[in-house]
Amino acid sequence: MSIVNVGLVQMSCSSEKQLNLQKAIQQIKAAAAKGAQIVCLQELFTSLYFCDVEDYDNFLLAEAIPGPSTEALSLVAKEHNVVIIASLFEKRTQGLYHNTTAVIDADGTYLGKYRKMHIPDDPAYFEKFYFTPGDLGYKTFKTKFATIGVLICWDQWYPEAARITSLMGAEILFYPTAIGWATSQDEATNKEQFNAWQTMQRSHAIANGVHVVSVNRVGFEQNGLMKFWGGSFVSNPFGTVLYQATHDQEEVAVVPIELAKSDSYRIHWPFLRDRRIDSYRPITKRFIDEQ
């Protein structure tokens with residue numbers, strides 16, 4: 001299909017897992033009613049962003065994938081003929097957990113999952129305590145409406161991840177995300193951080209000639225210490241922002257994406273043609289300090 005309608009669900013979350021799931025389902029239905037064909041939810045949408053603390057009780061939030069949440073979402077996908085991209089806390093087995101996104105096709109079929117490859121560890125983002133790094137590699141999913149690639153939050157900062165997923169045939173890159181501002185920060189710092197975050201992802205769109213869709217949560221969490229900055233957006237293959245959500249409101253948006261644009265951009269700016277793959281072996285080193 002040349003034009004695909006992409007739905008973005010930017011929402012706030014509570015401590016009640018089932019309420020968050022039901023809220024997301026209602027938002028998916030709202031997106032479908034607006035014509036969405038692929039709907040992306042934000043990172044870890046069934047809970048508050050719990051990685052602000054290292055607490056063993058938070059492992060109780062995890063579930064199998066496929067499992068209860070994907071089963072519920074599969075029914076919605078089939079009923080409304082929409083692809084759903086759902087970021088969940090995966091319990092793989094006892095003591096082994098991942099930050100994982102499931103992809104469900106428009107007929108309700110579970111297509112598979114991507115496990116987050118890059119795991120951060122910063123104040124208020126203690127993800128290494130919870131998540132084992134992904135071991136499935138980078139993934140694409142052939143859905144009814146498009147071949148899509150899914151990466152997750154911290155993956156956003158790594159051009160290698162976007163490049164490899166694009167080389168695997170992704171027509172659109174989706175990034176479920178949970179990122180925000182410390183409420184103690186000044187406005188200039190907030191603006192600079194958001195601009196860096198968005199610019200990085202727009203650069204992935206340009207370098208790879210694909211659309212990028214980034215979906216972030218919104219609202220105050222961590223007892224008011226963190227304001228998740230929303231700002232979910234869609235970039236075309238030239239880095240132009242086609243849509244950007246607010247920083248403080250829940251939103252359900254549907255944005256038409258013209259897949260054929262990739263061919264035009266790649267013909268006129270042939271970055272893939274001119275790649276010197278014979279010269280890239282050093283990229284596999286941690287740091288090039290011995291030559």
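Reader: What makes up the lining of the second largest pocket, by class?

Author: In this predicted model, the lining of the second largest pocket has 12 nonpolar, 4 polar and 2 charged residues. Trp and Tyr count as nonpolar and Gly as polar, and among the residues closest to the centre of this pocket are Tyr125, Trp154, Trp157 and Gly180. The space in the second largest pocket comes to about 280 Å³.

Reader: How is the lining of the largest pocket divided?

Author: Its residues fall into 6 nonpolar, 2 polar and 5 charged. With Glu counted as charged and Pro and Ile as nonpolar, the residues that lie nearest the centre of the largest pocket include Glu160, Pro159 and Ile164. The lining has 13 residues, and the space in the pocket is about 570 Å³.

Reader: Which residues of helix α3 are called buried?

Author: Buried stands for under 20% relative accessible area, and in α3 (residues 159-167) the word applies to Ala161, Ala162, Thr165 and Ser166. These residues lie on the same side of α3, because they cover an arc of only 125 degrees around the axis.

Reader: What do the buried residues of α3 pack against?

Author: Their partners are β6 (140-142), β7 (147-150), β8 (172-177) and α4, where contact stands for heavy atoms within 4.5 Å.

Reader: Which residue takes a positive phi just after α3?

Author: That residue is Gly169, with a phi of about 105 degrees.

Conventions:
Residues are numbered from 1 along each chain as its sequence is written. This is a predicted model: local features need pLDDT of at least 70, side-chain atom pairs count only at pLDDT 80 or more; totals for chains, interfaces and linings use all residues. Side-chain values use heavy atoms; hydrogens and water are left out. On a 1 Å grid over the protein atoms alone, a cavity is a set of points where a 1.4 Å probe fits but cannot get out, and a pocket is an open set with protein on both sides within 12 Å along at least five of seven lines; lining residues have an atom within 4 Å of a point. Grid points are joined across faces, edges and corners, and a volume is the space filled by probe spheres set on the points. Buried means under 20% relative accessible area, exposed over 50%, partly exposed in between (1.4 Å probe, protein chains only). Helices (H or I, at least four residues) and strands (E, at least two) are DSSP runs, numbered from the N terminus. The arc is that of the directions from the helix axis to the C-beta atoms.
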